Amino acid sequence: MGPDDEVRQLLREIRDQQKVHHDAWRQVWEETRTERQRQVSLIHGTRRSHRVWLVICVVMIAIAFGYPSMLTSCVRGLTGSHEGMGPSEKHEARAWLNQNKNEAPLASNRFDAKAIAVEFVEKLYECGAIRVYVTNVSYDEFEVKEYGGPYADSLIVELPKDKDKRAKLFAIHTAEVLDEGYSPTRDRGQGTLFFWWD
């Protein structure tokens, strides 16, 4: 086995270990989620304080697991919106995916292959999204060389004004955030929805 094979094997082992940690964290999260919600509701009694508590938990977990880059994504994912989060690099999703040589450039734990990610983006456009952007892009030198292109774990969807189209997009967003273990976002007239997969 050559040096490149050893590096690939080591990378696979690291990813497997991260998945084991993630699965264990997810199980603990699900077991304690109801109790945390009840406690936060009793102590603070507001939705905002509930989100603050969730953000604190996410920050603690991120620090514990050494994932500082996921903090901003988590905050955006919890709020369901990219607005007010400051400037961030973003690329039109179709173009970014089509030119990317990475076989799974977007949220590989959700989209096993680029074609599946492209299909999801097309579905967002079909449902009425004005524009879909890829954001939170990683240009890790080793991964770009190894997999052929950059990697991202997030999408920003510009929402239309039409109520029916918005309802379809919010339904898709709700399904995704529930699967990630977060609370759905209500339509408050916001201009964007933020999709994030850990």
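**Entry 1: the whole chain**

I began by reading along the sequence, and the chain follows the pattern α-α-α-β-α-α-β-α-β-α-β. I noted that this is a predicted model. My tally for the chain is 7 helices and 4 strands. I then looked up burial, and buried residues make up 37% of the 198 residues. The accessible surface comes to about 11,600 Å², and 55% of that belongs to carbon and sulfur atoms. I also checked the contacts with a separation of 6 or more: residues 24 or more positions apart account for 63% of them.

**Entry 2: the sheet**

Next I turned to the strands. In what order do the 4 strands of the open sheet lie? I found the order β1-β2-β3-β4, with antiparallel pairing. The edge strands are β1 and β4, since each of them pairs on one side only. From one strand to the next, the twist averages 30°. A reminder to myself: strands of a sheet pair through backbone hydrogen bonds, either parallel or antiparallel.

I then picked out one pair to follow. β2 and β3 are joined in the antiparallel sense over 7 bridges. On this sheet I also found Arg131, which stands opposite Glu158 in β3.

**Entry 3: helix α5**

Helix α5 covers residues 114-126, which is 13 residues. From its first C-alpha to its last it reaches 18 Å, close to the 18 Å expected at 1.5 Å a residue.

Which residues of α5 are buried? I listed Ala117, Phe120, Val121, Leu124 and Tyr125. They cover an arc of only 145° around the axis, which puts them on the same side of α5. I looked at the face turned away from that buried side too, and it carries the exposed residues Ala115, Glu119 and Glu126.

What do the buried residues of α5 pack against? My list has the strands β1 (90-92), β2 (131-138), β3 (151-158) and β4 (192-196), along with the helices α4 (93-99) and α7 (163-180).

**Entry 4: Arg166**

My last stop was Arg166, which lies in helix α7. Is Arg166 buried or exposed? Its relative accessible area is 9%, so Arg166 is buried. I wanted to know what surrounds it, leaving aside its neighbours within four places in sequence. Arg166 is in contact with Leu159, Pro160, Lys161, Asp187, Gly189 and Gln190.

Methods
Residues are numbered from 1 along each chain as its sequence is written. This is a predicted model: local features need pLDDT of at least 70, side-chain atom pairs count only at pLDDT 80 or more; totals for chains, interfaces and linings use all residues. Side-chain values use heavy atoms; hydrogens and water are left out. Helices (H or I, at least four residues) and strands (E, at least two) are DSSP runs, numbered from the N terminus. The expected span of a helix is 1.5 Å times one less than its number of residues. Buried means under 20% relative accessible area, exposed over 50%, partly exposed in between (1.4 Å probe, protein chains only). The arc is that of the directions from the helix axis to the C-beta atoms. Contact means heavy atoms within 4.5 Å. Two strands pair if DSSP finds at least two bridges between them. Axes are lines fitted to C-alpha atoms, for helices over the stretch in contact, and angles run from 0 to 180 degrees between N-to-C directions. Accessible areas come from the Shrake-Rupley method with a 1.4 Å probe; for residues, only the protein chains shown count as cover.
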